Amino acid sequence: MRRAFLLVSSLVTAAIALFAFLWPTLLWAYLIVLPLVAVGLYDMRQHRHTLLRNYPLVGRGRWLAEKLRPFIRQYLLESDTDGAPISRMFRSVVYQRAKRENETVPYGTRVDTYRLGYEWIGQSLAALAVEELDPHLRVTVGGPQCRQPYSASVLNISAMSFGALSRNAILALNRGAREGGFYHNTGEGGLTPFHLEPGGDLVWQIGTAYFGCRDDHGNFCPDTFRDKACLPNVKMIEIKLSQGAKPGHGGILPAEKNTPEIAAIRDVPPGTAIISPPAHTAFDSPLGLIDFVDRLRELSDGKPVGFKLAIGRKSEFVAICKAMVERGRYPDFITVDGGEGGTGAAPIEYSNSVGMPLREAVAFVDDCLTGFGLREHVRVIASGKILTGFHLVKNLALGADICNSARGMMLALGCVQSLTCNTNRCPTGVATQDPRRYAGLVVPDKATRVAQFHRGTVHATAELIASAGIRHPHELNRTHIYRRISPEAVRRYDQIFPYLRPGDLLDGQPSEDWQLMLDEAHADSFRPRDCLTRIDRECCSVASARGRVVAGEARG
């Protein structure tokens with residue numbers, strides 16, 4: 001191919017020179033041809049890409065095709081039900097609600113109702129008119145130790161930091177939260193002027209790096225925390241243990257997005273990649289976590305305090321519940337982040353293969369709190385790919401009290417799912433720190449769209465529960481939702497996720513699976529006491545079981 005390139009280049013160059021005697025204007029073609037020849041000659045001599053050395057100039061078409069591939073697929077090839085992580089169908093409904101456009105669909109569903117995993121809510125012959133319901137669908141957060149309970153909307157803005165999002169995106173989200181009467185989670189990047197300026201309600205998230213409340217060594221600073229936590233905009237405090245998109249891994253801010261402004265807010269060097277620690281230094285056990293919750297509640301003058309986590313090893317959450325029982329004190333809320341959660345940047349192994357999906361995680365947390373007799377004290381917040389009213393209804397039926405949405409709110413801002421969040425080249429100005437790009441995001445207009453998306457989705461949720469014959473989301477339960485589990489079989493959620501009776505894990509007779517988790521968990525360490533399994537109905541540690549197998553093989 002290199003010989004062919006040299007031959008063609010020589011012939012074209014000579015032909016232009018020859019025919020220029022007859023048509024001198026043809027010499028202008030050299031402005032195109034000579035640079036292309038120069039690029040091809042460079043490709044032949046470079047050592048980084050074999051493809052370019054073997055196919056000079058032509059090989060560059062591969063990179064061009066790869067760059068255009070996501071846009072061609074999204075705009076020309078994918079159907080309404082295709083597209084990842086969010087399908088065109090769901091992106092469209094968010095855009096339509098944000099703009100208050102017609103959101104109805106003609107000619108029936110485009111979803112295969114006989115596919116495995118298809119889900120629906122059972123309507124009632126005693127359906128209610130939606131006007132009979134409270135249109136705001138609010139839930140009070142605040143347990144017995146809380147002195148300033150907060151009335152939260154059933155749908156809110158999930159955690160997204162300034163850094164992951166642009167200043168204009170943060171301003172628009174918070175202004176939209178103020179207009180719509182719902183809260184805005186700051187994300188772990190700290191409480192910034194752009195969160196505070198519009199005046200919307202805030203949930204201040206405290207991550208493992210303690211941005212906004214850290215001392216010179218990166219540890220938690222109670223004085224700095226107190227000053228900010230007592231601000232009137234801050235309604236609740238959330239301790240981030242882990243997040244669904246990268247559980248067990250600290251937050252990531254690429255170096256390209258770490259501007260001097262962000263670095264000053266976070267108290268880190270500018271222009272460097274920021275990777276938060278995977279675990280907290282203010283506590284190292286479930287008992288320590290509950291004590292830290294109490295400490296933050298006192299420092300914030302009694303505001304609701306909770307924590308966010310993605311469920312990993314189940315016995316570790318059981319250990320946290322044991323710590324609550326031992327202390328007799330509780331978080332005001334627990335945010336459950338599903339493994340399908342979104343993020344600005346994460347290793348693919350973590351996004352694809354770490355953490356429990358939201359549906360199973362919410363049911364497990366609800367059951368665990370119920371089994372320990374704690375459910376009445378703690379609100380459960382679900383977060384992970386929540387875009388429509390039915391997404392809310394499913395999670396509320398499983399056991400959540402409130403839902404958070406991140407990507408839904410980003411789409412309402414104008415995100416087009418270009419999948420460039422980690423490059424600082426977001427074309428819509430949502431997930432970039434490039435002022436030339438985020439200048440195009442007009443804050444008042446996008447704030448209104450965020451508020452309208454929230455209003456439309458909450459209204460859709462109210463319509464669904466009214467159709468089921470109930471008046472408030474807290475009346476939803478697992479008997480309301482159905483799922484196809486095979487071509488011939490359908491199960492209700494309560495059959496797939498059986499309920500526990502209150503107190504079953506304290507004084508009842510739990511199943512073998514629950515008993516193993518209870519035996520593994522202890523309140524003074526997140527790590528299990530031992531990794532237990534059951535062989536021939538005998539409970540033993542995995543290590544001893546392996547040893548027994550190895551010994552048996554040796555004897556054989």
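These notebook entries record what I looked up in this predicted model.

**Basis.** I number residues from 1 along each chain as its sequence is written. In this predicted model, local features need pLDDT of at least 70 and side-chain atom pairs count only at pLDDT 80 or more, while totals for chains, interfaces and linings use all residues, and side-chain values use heavy atoms, without hydrogens and water.

**Aromatic rings.** I found 12 aromatic pairs (rings of Phe, Tyr and Trp, the last by its six-membered ring, with centres within 6.5 Å; planes under 30 degrees apart are stacked, over 60 edge-to-face, the rest tilted). I looked up Tyr-150 and Tyr-183: their ring centres lie 6.4 Å apart with the planes at 55°, so this pair is tilted. Tyr-150 belongs to strand E3 (residues 150-153) and Tyr-183 to strand E5 (residues 183-185), so the pair joins distant parts of the chain, 33 residues apart. Strands (E, at least two residues) are DSSP runs, numbered from the N terminus. Both Tyr-150 and Tyr-183 are buried (under 20% relative accessible area, with a 1.4 Å probe and protein chains only). I also noted a cluster that ring pairs form from Trp-204, Tyr-210, Phe-220, Phe-225, Phe-283 and Phe-292.

**Charge and ring.** I saw the charged end of Arg-266 over the ring of Phe-211, 4.9 Å from its centre (for Arg, CZ within 6 Å of the ring centre and within 35 degrees of the ring normal).

**Strand E2.** In strand E2 (residues 138-141), I found Val-139 and Val-141 on the covered face, and Arg-138 and Thr-140 on the uncovered one. E2 pairs with E3 in the antiparallel sense over 4 bridges (pairing needs at least two DSSP bridges). Val-139 stands opposite Ala-152 in E3.

Technical notes: Buried means under 20% relative accessible area, exposed over 50%, partly exposed in between (1.4 Å probe, protein chains only).
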